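This briefing goes through a single protein chain by topic. The chain itself is shown first.

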Amino acid sequence: MPPPSIVEQARAEGRTILTEIEAKQMLEDGGVPVSPARLARTREEAIAQADRLGYPIVLKIVSPQITHKSDVGGVALGLETAGDVGAAFDRVVASAKQHVPDATVEGVAVQRMERAGTEVIIGVTKDPQFGPVLMFGLGGVLVEVLKDVAFRIIPIEERDARQMIAEIKGYPLLEGYRGSEPADIGKLRELLLKVSAFVEQHPEIAELDLNPVFAYSDGAIAVDARIVLDEAQA
C-alpha cells in the first residue's frame with residue numbers, strides 16, 4: 001500500500017491547514033517555483049539541512065497551533081553560519097513554547113533566505129457560486145494597505161494572466177519604477193498559469209496564499225506558502 005499523501009495525512013490528523021513544509025512540498029511537486037523548506041526536529045538536523053540548502057538561512061517554527069509565527073518569536077532571519085542556525089533553533093523553539101505552552105512544536109522549517117525582489121501576491125479562494133478564484137497583486141504589507149489586486153475564475157488562459165498583471169495600479173513597479181529592477185513579466189504569467197493548473201488538479205484546496213512572491217528580472221519564486229483544505233470534502 002502506498003504511503004498516504006500530504007492531504008490524506010492532514011485529514012487523518014483532523015487538520016485543514018497544512019504546515020508550510022507540506023504546502024511547499026505539494027507546490028514543488030506541482031511544478032510551482034517555491035523556496036524549498038525542510039523540517040528539522042533537532043538543532044543538529046537544522047544545521048544539516050542548512051548546509052544542504054546553502055546560507056544565509058531562515059528558520060520558522062512548525063506548529064499546527066501557531067499561524068502567526070513572528071508574533072511568538074518563531075522566526076529567525078539571515079543566519080550565516082552553522083553556529084547561528086543552532087542557536088536560532090534553540091531560541092525560536094523556546095520562544096514558541098513560552099508564548100503558546102499548549103502548542104505541539106514539530107520542529108522548525110529550514111529554508112534559504114532568498115534575495116529581495118519586487119513583492120507580489122498570488123492567492124486562491126473558493127467562491128460558493130463560481131468555484132476557485134485566482135488573485136494577483138502587489139505583495140507583502142502593500143496588499144493589505146492598497147488592496148491593489150485583480151481576479152479571474154480558474155482555469156485561466158495566457159490572455160487572462162497577461163490582463164491580471166497589467167490591470168493592477170502598481171504595474172509600473174513591475175516595469176522597473178525609477179531605476180528599480182524590472183520584473184520578468186513572462187515568468188509571472190507562467191506562475192499564474194501554473195497555480196491555476198495546480199488548483200485544478202487539487203479541488204480539495206479551499207484557500208491558497210503565496211505571499212510574498214519575489215519577482216526578479218530573471219524569474220519569480222514564492223517565499224511563503226499557505227494552503228487550507230476544504231472541510232466539505234473531508
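This is a predicted model: local features need pLDDT of at least 70, side-chain atom pairs count only at pLDDT 80 or more; totals for chains, interfaces and linings use all residues.

At 56% relative accessibility, Leu-77 counts as exposed, because the cut-off for that class is over 50%.

**Surface positions**

- Leu-77 belongs to strand β3, which spans residues 75-79.
- Together with Val-75 and Met-113, Leu-77 makes up a nonpolar patch on the surface, and the three have about 250 Å² of accessible area together.
- In soluble globular proteins, nonpolar side chains tend to be buried together.
- Lys-147 is another exposed residue, with 62% relative accessibility; its place is the loop between α5 (142-146) and β7 (149-153).
- From Lys-147 to Asp-29 the distance is 30 Å, C-alpha to C-alpha, and the two are 118 residues apart in sequence.

**Helix α3 (residues 43-53)**

- Ala-46, Gln-49, Ala-50 and Leu-53 are the buried residues of helix α3.
- These buried residues line one face of the helix, because they fall within an arc of 105 degrees when seen down the axis of α3.
- An α-helix has 3.6 residues a turn, so residues three or four places apart point the same way.
- Glu-44 and Arg-52, on the other side of α3, are exposed.
- The cover over the buried residues of α3 includes strands β1 (37-40), β2 (57-62) and β4 (107-112), as well as helix α4 (82-99).

**Nonpolar cores**

- The largest nonpolar core has 40 residues, and those that touch the most other members are Phe-136, Leu-188, Val-195, Leu-208 and Leu-210.
- Helix α8 (residues 185-201) gives the most to this core, namely seven residues.
- Val-195 is in contact with Val-32, Ile-122, Val-124, Leu-134, Leu-208 and Leu-210, leaving aside its neighbours within four places in sequence.
- Another core, of 20 residues, lies apart from the largest one; Ile-66, Phe-89, Val-92 and Ala-96 are among its members.

**Salt bridges**

- Counting a side-chain nitrogen of Lys or Arg within 4 Å of a carboxyl oxygen of Asp or Glu, the model has 17 salt bridges.
- One of them pairs Asp-224 with Lys-60, and their closest N and O atoms are 2.0 Å apart.
- This pair ties together parts that are 164 residues apart in sequence, because Asp-224 lies in the loop between β9 (219-222) and β10 (225-229) while Lys-60 lies in strand β2.
- Lys-60 has 8% relative accessibility and so counts as buried, whereas Asp-224, with a relative accessible area of 22%, is partly exposed.
- A further salt bridge links the side chains of Arg-115 and Glu-181, at 4.0 Å from N to O.
- Arg-115 sits in the loop between β4 and β5 (118-127) and Glu-181 in the loop between α7 (171-176) and α8, so this pair joins parts that are 66 residues apart in sequence.
- Arg-115 is partly exposed, with a relative accessible area of 43%, and Glu-181 is partly exposed at 33% relative accessibility.
- Glu-158 and Arg-189 also meet through their side chains in a salt bridge, 2.9 Å from N to O.
- Since Glu-158 is in helix α6 (residues 158-167) and Arg-189 in helix α8, the pair ties together parts that are 31 residues apart in sequence.
- Glu-158 is partly exposed with a relative accessible area of 38%, and Arg-189 is partly exposed with 22%.
- Glu-20, Lys-24, Lys-60 and Asp-224 form one network, joined by salt bridges that share partners.

**Backbone features**

- Most residues other than glycine have a negative phi, and most peptide bonds are trans.
- The peptide bond from Tyr-55 to Pro-56 is cis, and its omega is near 0 degrees.
- Pro-56 is placed in the loop between α3 and β2.
- Ile-154 and Pro-155 are also joined by a cis peptide bond, with omega about 10 degrees.
- Pro-155 is in the loop between β7 and α6.

Key:
Residues are numbered from 1 along each chain as its sequence is written. Side-chain values use heavy atoms; hydrogens and water are left out. Patches are made of residues with over 30% relative accessible area and no salt bridge: like charges are joined within 9 Å, nonpolar side chains (Val, Leu, Ile, Met, Phe, Trp, Tyr) within 5 Å. Accessible areas come from the Shrake-Rupley method with a 1.4 Å probe; for residues, only the protein chains shown count as cover. Helices (H or I, at least four residues) and strands (E, at least two) are DSSP runs, numbered from the N terminus. Buried means under 20% relative accessible area, exposed over 50%, partly exposed in between (1.4 Å probe, protein chains only). The arc is that of the directions from the helix axis to the C-beta atoms. Contact means heavy atoms within 4.5 Å. A nonpolar core is a set of buried Ala, Val, Leu, Ile, Met, Phe, Trp, Tyr and Cys residues joined through side-chain atoms within 4.5 Å.
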